2 protein chains.
Amino acid sequence: MSGETPILYSYWRSSCSWRVRLVMNLKGISYDVKPISLTKTGGEQHSKEYREINPIEQIPALVIDGVTLIESLSIMEYLEETRTKVPLLPTDPAGRAKVREICSVIASGIQPLQNLAVVNYLEEEKRADWIKHFITRGFTAVEKLLESTSGKYCIGDNITFADCCLIPQVYNARRFHVSLESFRIITRIDEELQSHPAFIKAHPNSQSDCPQADNTNLA
Amino acid sequence: MSGETPILYSYWRSSCSWRVRLVMNLKGISYDVKPISLTKTGGEQHSKEYREINPIEQIPALVIDGVTLIESLSIMEYLEETRTKVPLLPTDPAGRAKVREICSVIASGIQPLQNLAVVNYLEEEKRADWIKHFITRGFTAVEKLLESTSGKYCIGDNITFADCCLIPQVYNARRFHVSLESFRIITRIDEELQSHPAFIKAHPNSQSDCPQADNTNLA
């Protein structure tokens, strides 16, 4: 392993960058952030310089141990396998499956459908309804799973990958004015984790590339 | 572990069911298939009986070792952790990350956007264009990743989870008339695996619930 400080290519409001920031913070891994603006100059993720980091022009990317990793869930699994001191998956395979189920419902069933690159492909007047429909559909599934898995957090009383996927998605739901009233377990866990140091540090409002205006508008 | 034969709730043409069938076949795990029709009577996945298996009303679901697992990638990781004889992930963390990156691009970046439950939410005349756009966008990313990872298969010369995600997605691309001409590595790997016994057995046309008509229309 290289002794260099890992570099995370991140955007303040990207929920996939946020998942990785959470895992890094929870595991106590030091890292430098290089902000990649998804809005400036048509998106810095498409720049020639960044394409050399990630040929598929997406964030996050993590340079660590001499390798460049992309795709948030894959990065999280790598960190779990190489930084074992603070585990974010249970030890038993069935428990690990329960965590990954919730990650998958969010990472495949919700986030891709409300991702702006996708939503922008719809006519403007359809976008708000589309986003609300798919976040509500996905959270209905997550809430049902949490009925049988949750304790203090998504899976029992230990913080896991599932919480790292859930919290950014709750922020996005609020950002798009999705009613969360019927999602009692989701909102309880979200509230529980708002004051956790690793979650405060990973929040969009704590990022150096967060515009000033948004610092006053805490989720 | 329970000695009972695992039961896979599956639909012949579901790419997520297909991924799990591939992993079960490659690892030599015996299992019974219970077909769940996504089209009959408004979708059997919404039946009261199936909701008791999977409360979020999706396939696949796998009953194994006395637990019920859902979400294809999570099921695949469970099988990798509990059935180690035929590994479908490399042993080194960076190699495992490369496999999971490709799985993630397909499972989060392509499949959810061309899933019929999602596409049916669009106006009918927009659907074909939408599907082609997002499969082409996703395959452009996968092809770029394969340029640096592929050997005989997606990651070097061993079959991995990445191949189990790729092959069903290629079938879907063909089903929706997406041009694959520029995806040379993807189509080469697809061709390579068409004659592999585990892939033949997992193919939609080999499933007991495949309608007769489709048996004559091999992908």
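This is a predicted model: local features need pLDDT of at least 70, side-chain atom pairs count only at pLDDT 80 or more; totals for chains, interfaces and linings use all residues.
Student: What makes the radius of gyration of chain A agree with that of a compact globule?

Tutor: The rule takes 2.2 Å times the number of residues to the power 0.38. For 219 residues this gives a value near 17 Å, and chain A has 17 Å, so the two agree. Along the principal axes, the C-alpha atoms of chain A fill a box of roughly 45 × 45 × 30 Å.

Student: How do you know what share of the residues of chain A is buried?

Tutor: A residue counts as buried when its relative accessible area is under 20%. By that criterion, 55% of the 219 residues of chain A are buried. The accessible surface of chain A comes to about 9600 Å², and carbon and sulfur atoms account for 49% of that surface.

Student: Why is helix α3 of chain A called largely enclosed?

Tutor: Because nine of the 11 residues of this helix, residues 72-82, are buried, the rest of the structure largely encloses it. Among the buried residues are A:I75, A:M76, A:Y78 and A:L79, and also A:E77 and A:E80.

Student: What do the buried residues of α3(A) pack against?

Tutor: Within chain A, they pack against α1 (15-27), β3 (61-64), β4 (67-70), α4 (93-109) and α8 (161-175). Chain B contributes α4 (93-109) to this packing. Contact here requires heavy atoms within 4.5 Å.

Student: How do you know that helix α3 of chain B is mostly covered?

Tutor: In α3 of chain B, residues 72-82, nine of the 11 residues are buried. They include B:S72, B:S74, B:E77 and B:T82. The buried residues of α3(B) pack against α4 of chain A, together with α1 (15-26), β3 (61-64), β4 (67-70), α4 and α8 (161-175) of chain B.

Student: How far apart are the mean positions of the positive and negative charges of chain A?

Tutor: The mean positions of the 24 positive and 27 negative charges are 1 Å apart.

Note on methods: Residues are numbered from 1 along each chain as its sequence is written. Chains are lettered from A and ligands numbered from 1 in the order in which they are written. Side-chain values use heavy atoms; hydrogens and water are left out. Buried means under 20% relative accessible area, exposed over 50%, partly exposed in between (1.4 Å probe, protein chains only). Accessible areas come from the Shrake-Rupley method with a 1.4 Å probe; for residues, only the protein chains shown count as cover. Lys and Arg count as positive and Asp and Glu as negative; His and the chain ends are not counted. The place of a charge is taken as NZ of Lys, CZ of Arg, CG of Asp or CD of Glu. Helices (H or I, at least four residues) and strands (E, at least two) are DSSP runs, numbered from the N terminus.
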